[in-house]
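Dear colleague,

I am handing over the structure below, and I would be glad if you kept it open beside this message while you read.

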Amino acid sequence: MKEILVVRFSSLGDIVLLTGVLKYVKENVSEDIAIDLLTYSNFAGVLQDYPYIRNIYTIKKGDSLVDLNETMSTMPNYDIVFDLHNNIRSRFVRLISSCKSYVYNKHSLARRLYVKYRLCRSKLHEHTVIKYFKPFMKAFKLNMPDIEMLRPYLPFPNIERNNSLKNAVIHPFASKATKEWPFFEELGSLLSDDGLNVVYIGSGKMNVPSSADDKTGKVSLSALIEFIAQADIFITTDSGPMHIATALNVPTIAIFGPTTKELGFYPAFKNTKVIEYACLKCRPCHIHGSSYCYKKHFKCMLDIGVEEVRYHVNSMLNRNS
């Protein structure tokens, strides 16, 4: 058996995006392989009950290289290391592992040049799951499958529906303020008027309409996953929970503002839709979004209307009914 270590420390969305790649590799590599993962401890919970990883090893985000070395001393001697983070810590793992390694190309410079000068767009046509898959493709002589075969995968939680209405689950938060659409409160009221059971989830504070169920800031990661799994439709920002919904095969609408598909993290899979102001020349303005609009007009979000999002929610629900 060939023992493999995959290194990806963060963040939540990146860890989720790995799941479909590892599933495909495990199912399509002809030889017997065991896959271990090294990640940050606060993201390991999303992979609870995930069947394609043998062991999950963790470090804390603030741990030093000495701490990382101590963790590595408890791990097996691997045949191959796949560095899917490509930072100082992951390079250190490669250095002390003394085995063959493969590194994914995240095109950091090209992404920055595209954001700042609109250069290198031709290098940014690949979704992140394709970039993650390429090192495995090279190591095991695999062909590139259709992207849907690399769709993120999480085991569906064993849950029971508590109502007969269709559930519209809304995640209005994001890591940066400019990635948050300002009209989620109004949307929830309208979707309640449409006869949907509306639930708000996520870490943050907002005015949740009285007609909706407020679960914001009150649930663990595992409970968050359960709420998403119960959704008939999930409406979200460009965020980690967006990828969780994709991995659970929940119909998903994602509202994108300062970030664009060239950055590699958009939902490119079946039963997903991105709503964006595609023609706005100042997009993207930052690789990860920012705390304020550099142009001071915030058109990328303000010009996405509530009725437009409402229409797409009901259209997707009708298509999947």
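**What was found**

Six strands form an open sheet, in the order β8-β7-β6-β9-β10-β11, and their pairing is parallel; strands here are DSSP runs of E with at least two residues, helices are runs of H or I with at least four residues, and both are numbered from the N terminus, while two strands pair if DSSP finds at least two bridges between them. The edge strands, each of which pairs on one side only, are β8 (213-216) and β11 (272-275). From one strand to the next the twist averages 20°, where axes are lines fitted to C-alpha atoms, for helices over the stretch in contact, and angles run from 0 to 180 degrees between N-to-C directions.

Please keep in mind that this is a predicted model, in which local features need pLDDT of at least 70 and side-chain atom pairs count only at pLDDT 80 or more, whereas totals for chains, interfaces and linings use all residues. Residues are numbered from 1 along each chain as its sequence is written, and side-chain values use heavy atoms, with hydrogens and water left out.

Within this sheet, β9 and β10 run parallel and are joined by four bridges, with Thr236 standing opposite Ala254 in β10. Helix α10 lies across β9, β10 and β11, and runs at about 170° to β11.

In helix α6 (residues 184-193), Phe184, Leu187, Gly188, Leu190, Leu191 and Ser192 are buried, that is, under 20% relative accessible area, against over 50% for exposed and in between for partly exposed (1.4 Å probe, protein chains only). The cover over these buried residues includes β6 (167-171), β7 (197-202), β9 (233-237), β10 (252-255) and α10 (306-319), where contact means heavy atoms within 4.5 Å. After α6 comes Gly195, whose phi is positive, near 90°.

Turning to strand β4 (residues 80-83), Ile80 and Phe82 point one way while Val81 and Asp83 point the other way, and all are buried. Strand β1 (residues 2-7) pairs with β4 in the parallel sense over four bridges, and the bridge partner of Val6 in β4 is Phe82. Four bridges also join β4 to strand β5 (residues 100-103), and these two run parallel, with Ile80 opposite Lys100 in β5.

With kind regards
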